[in-house]
Amino acid sequence: KKLVENLMKWKEAYYNGTPLISDEEFDFEERKLKKIDPNNEYFRKVGYKTSTRDINVKHVVPMLSMQKVQTAEDADKWIKSIENTPGLSFQSLKYGVWIDPKIDGVSGKIVYDKDGNFQYASTRGDGLVGAIIPFANQIKEIPKKFLPNSELRGEFFISKKNRKYFNGPLRNNCSGLLKRKEFTEESEFIEFIIYDVHTYSKSNEIVFKDRLDKLNKIKQILEDNDITNYRIVPVEKTDNIYDIYKKYNEQLRNSWDYETDGIIMTVDGGQDNYNLINSKYTITSFNRFNMALKPPAEFGESVIEDIECYTNRQTPY
């Protein structure tokens with residue numbers, strides 16, 4: 001009980017941009033709870049409850065959390081655990097999984113009204129209720145036009161190139177800026193990158209054959225609406241999770257212009273595959289057709305080169 005209380009306290013602080021412990025410590029404590037009580041109610045909670053000071057909005061489609069593994073071996077076991085699910089469009093996942101960067105920012109969404117015009121943007125919150133971002137229409141790379149009665153999901157973040165303007169983790173700074181009531185000079189550094197879409201009616205549902213096809217269709221809809229200033233998350237397909245794990249650690253995490261804390265693996269195929277896999281589980285706070293692989297965090301070393309001692313006044317003894 002005490003561990004759950006601490007985890008909830010640490011999680012709330014993290015999502016409010018004021019973390020009390022490191023990500024590695026939090027993951028360690030969360031794994032500890034998973035080992036001693038894997039069915040604890042804690043694992044069915046997503047994100048954090050928004051502040052009573054926020055303007056809140058209920059998500060039409062819940063914004064779920066992401067299940068996590070720490071090693072390529074565990075990721076490979078996950079893939080093999082679902083590759084023989086009866087009824088999948090593909091008989092085996094030997095065709096591979098899709099890889100996205102797990103961007104270390106603030107999850108949110110952009111909602112469009114019945115005419116396809118920008119209506120509002122919000123954070124994920126606890127997955128059921130999020131907080132409205134009052135100045136979202138002033139954030140660059142937020143499309144002002146899309147499908148009627150739909151939402152684009154993505155990540156708000158601050159690019160690594162702008163680190164010099166901030167102290168502390170960029171994610172925490174982004175979270176703090178999004179809580180402000182007005183657009184400020186620092187808010188100009190907030191960016192938005194798209195990773196998913198949801199429509200609220202069958203009439204404008206996007207049918208896709210795989211992860212890349214879905215993102216390409218989002219891109220085409222944006223361009224059909226003369227939207228040019230946008231970003232969509234990059235994806236690639238792999239049939240060897242060990243190779244992509246190594247590639248992420250040695251190359252990808254340094255090449256992307258945003259901070260990441262891992263990669264996201266998504267099962268091949270379309271929505272039918274996703275629905276079938278999810279249908280095998282009745283109690284969950286996350287989708288079962290994808291998984292986050294969080295390799296060890298990068299560490300730096302500080303070296304003391306010299307110490308100079310002085311006094312600003314003489315003190316008699």
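Two strands pair if DSSP finds at least two bridges between them. The model used in these exercises is predicted.

**Exercise 1. Find the bridge partner of Phe156 in strand 8.**

Solution. 
- Step 1: Locate the strand. Strand 7 covers residues 150-158.
- Step 2: Look at its pairing with strand 8. The two run antiparallel and share nine bridges.
- Step 3: Read off the partner. Phe156 is bridged to Phe192 in strand 8.

**Exercise 2. Work out the strand order of the open sheet formed by four strands, and name its edges.**

Solution. 
- Step 1: Recall how a sheet is held. Its strands pair through backbone hydrogen bonds, either parallel or antiparallel.
- Step 2: Write the order. It is 5-4-7-8, with antiparallel pairing.
- Step 3: Pick the strands that pair on one side only. These are strand 5 (118-123) and strand 8 (190-199), the edge strands.
- Step 4: Neighbouring strands are turned by 25° against each other on average, direction ignored.

**Exercise 3. Which strands does helix 4 lie across?**

Solution. 
- Step 1: Find helix 4 at residues 170-178.
- Step 2: List the strands. Helix 4 lies across strand 4 (106-112), strand 7 and strand 8.
- Step 3: Give the angle. Helix 4 runs at about 125° to strand 7.
- Step 4: Turn to helix 5 (residues 211-224). Helix 5 packs on the sheet and touches strand 7 and strand 8. Its direction makes about 110° with that of strand 8.

**Exercise 4. Is strand 10 mostly covered or uncovered?**

Solution. 
- Step 1: Apply the cut-off. Buried means under 20% relative accessible area.
- Step 2: Count. Eight of the eight residues in strand 10 (260-267) are buried, so the strand is mostly covered.

Notes:
Residues are numbered from 1 along each chain as its sequence is written. This is a predicted model: local features need pLDDT of at least 70, side-chain atom pairs count only at pLDDT 80 or more; totals for chains, interfaces and linings use all residues. Side-chain values use heavy atoms; hydrogens and water are left out. Axes are lines fitted to C-alpha atoms, for helices over the stretch in contact, and angles run from 0 to 180 degrees between N-to-C directions. Contact means heavy atoms within 4.5 Å. Buried means under 20% relative accessible area, exposed over 50%, partly exposed in between (1.4 Å probe, protein chains only).
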